[in-house]
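Open the model in your viewer and keep the selection panel at hand. The tour goes stop by stop, with something to select at each one.

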Amino acid sequence: MDEITPRDPDVVLSSRVRLARNLSGHPFLNRASETQCAQIVRSTQHVLLNASVAEKIIWIDLDEINAHDRSLLVERHLISKNLAESTLHRGVAISGDEQLSIMVNEEDHLRIQALRGGSDIDAAFQQVRETDLKLEQQLDFAFSDRWGYLAVCPTNVGTGIRFSIMVHLPGLRITNELGKVRRAAKELHLAVRGYYGEGSESLGNIFQISNQVTLGSTEEDIRDIFTERIMPALIDYERSARQVLLKRNPTLLDDRVHRALNILRSARLLKVDEAMKLISRVRLGVCLDRLRVPLHQLDDLFIQIQPAHLRQHVNCSLNEEEELEIRASLVREVLKDVD
Amino acid sequence: MKCDLCNKPAVVHEVTISGGTKKEVHLCLEHAQAAGIAIPGQQPANKLLSKFVIGNKKGETAGHQRCGGCGSTFGQIKQTNLIGCAECYRAFEDQLSQLIEQSQFGHREHVGRIPRKMHTPSHNEIRARKLMRELDAAVTAEQYERAAELRDRLNELTTNVEPEPESGPDDG
């Protein structure tokens, strides 16, 4: 991943921009036969590998790899759960630095997505735009004058663009303000989703916020509203909630943070949701200067404790109890030197 | 119509469509009973038949028109909220416009980017007209910052876009 210092890392873990594109002259996936799905994979694979969309690009045939490896990609947010679990022929092209991934045969023929650490929608937007321009030289995307880029679902038609940020909102959760956030999001036509996107639960107070409207505005206008109005307001709201916690009862805050840290440093068995909840509290403590741990280390820990990453870490399959044990051991190791 | 098995008038007409082939059976009352085909409430056979025919017609008009590209009906699209192919957008344009408007919170048409291959003078004119309308609205609303942004975009559209070749692949 890049070495650039991320912006607003206290609240925004990552930024993502994705485009939905379909090939003209091919049925969409819900009406495509097995042969047609395979043909789409074959024809796009060649283009994705040769369109110079990144310095290094890797193609992964998702039919060929096992479920464990597919889960690894989901945990790294390089493919969606939907694509991992799909029974259609499908694949993904991933850039060597893992900032760009192009899913083939997800809901649409192509889902082009760029990821960045912190609040850097602009860099992600630029990368998907450049990728789109390169791909459209070799692929004919389904497009109409009236409705723009045609998508499988009417919710993606038009620009096909989705801006999203993964945010850590422990302050708003503890001060019971999340309901207000959800209501405001609904009014502003924003989707609030869990850690793994659509249909997933929030883990460790981490949420994905994204635009719902993709038609009737230019890509730049949708971006500007997202980055200039939505994001600053949400970031300020979370920061204010954290300050409320600090001012209202610093001892209670310290108690929460240190208890969480000590459980993490002493536990012998840890479930993933418990670990994420506790790491979330430690992260809150770090952001309010109650503890010193590099934030990127905690953010990396969120990923490393996921089941497929743990199995990768020990390089063998794990039964349920072994998984809890290995997770606890990994967390103890990472947090052993924290003051 | 006469019975398939004798010269008496046929009172039962059975039409079976299986594997794309239509099979018709026409029987008189005796032969129908012998074949085990029940006639509910001794309804006249022509009523049974007309029910069948009317039922079929109803089906065709109520959302059973099929897209020439993928065979989807609008009923299927509405049920799943998934569109079958690019052709569906043309085949069901009127019905889809409502569905899209609902999904897009009232927005009706695309104003975002256009694939380079489709940049033609007519597209640019359409976009320029849209931008002009937005610019007028922004000036009326005294949103000068937005107006300046729209003016820049309009200038960009009219000055920077290179004419595309009339035909042939765009190798960019």
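**Stop 1: a loop residue.** This is a predicted model. Select Ala32(A). Ala32(A) sits in the loop between β1 (12-21) and α1 (34-50) of chain A. Is Ala32(A) buried or exposed? Ala32(A) has 21 C-beta neighbours inside 10 Å, and 20 or more count as buried, so Ala32(A) is buried. Now show its contacts. Leaving aside neighbours within four places in sequence, Ala32(A) is in contact with His26(A), Pro27(A) and Cys37(A). Ala32(A) and Asn50(A) are 18 residues apart in sequence, and 25 Å lie between their C-alpha atoms.

**Stop 2: the whole of chain A.** Zoom out and colour by secondary structure. Chain A has twelve helices and ten strands. Its radius of gyration is 21 Å, close to the 20 Å from the globule rule for 339 residues, so chain A is as compact as a globular protein of that length. Along the principal axes, the C-alpha trace of chain A spans about 65 × 45 × 30 Å. Buried residues account for 50% of the 339 residues in chain A. Take the contacts in chain A between residues at least 6 apart in sequence: 68% of them join residues at least 24 apart.

**Stop 3: two domains.** Colour 12-238 and 250-335 of chain A separately: the domain assignment gives these as domain 1 and domain 2. The centres of the two domains, taken over C-alpha atoms, are 28 Å apart. Twelve residues from domain 1 and 17 residues from domain 2 form the contact in chain A. On the domain 1 side, α2 (67-75) and α5 (170-174) of chain A are the elements that give two or more residues. Select α2(A) in particular: its four residues are the largest share of that side. By class, the domain 1 side has four nonpolar, six polar and two charged residues.

**Stop 4: a helix pair.** Select α8 (residues 250-266) and α12 (residues 320-335) of chain A. Their axes come within 7 Å and cross at roughly 120 degrees. α8(A) and α12(A) are therefore oblique to each other. Which residues of α8(A) meet α12(A)? Show Leu261(A), Leu264(A) and Arg265(A) in α8(A), which meet Val331(A), Arg332(A) and Leu335(A) in α12(A). The residues of this contact divide into four nonpolar, no polar and two charged.

**Stop 5: across to chain B.** The contact takes 31 residues from chain A and 30 residues from chain B. On the chain A side, 13 are nonpolar, 14 polar and four charged.

Technical notes: Residues are numbered from 1 along each chain as its sequence is written. Chains are lettered from A and ligands numbered from 1 in the order in which they are written. This is a predicted model: local features need pLDDT of at least 70, side-chain atom pairs count only at pLDDT 80 or more; totals for chains, interfaces and linings use all residues. Two residues are in contact if their C-beta atoms, placed from the backbone, lie within 7 Å. Ala, Val, Leu, Ile, Met, Phe, Trp, Tyr, Cys and Pro count as nonpolar, Asp, Glu, Lys and Arg as charged, and the others, Gly among them, as polar. Axes are lines fitted to C-alpha atoms, for helices over the stretch in contact, and angles run from 0 to 180 degrees between N-to-C directions. Angles under 35 degrees count as roughly parallel, over 145 as roughly antiparallel, 65 to 115 as roughly perpendicular and the rest as oblique. A residue is buried if 20 or more other C-beta atoms lie within 10 Å of its own, exposed if 12 or fewer, and partly exposed in between; C-beta atoms are placed from the backbone. The radius of gyration is taken over C-alpha atoms; the globule rule is 2.2 Å times the number of residues to the power 0.38. Domain bounds come from an automatic or database domain assignment.
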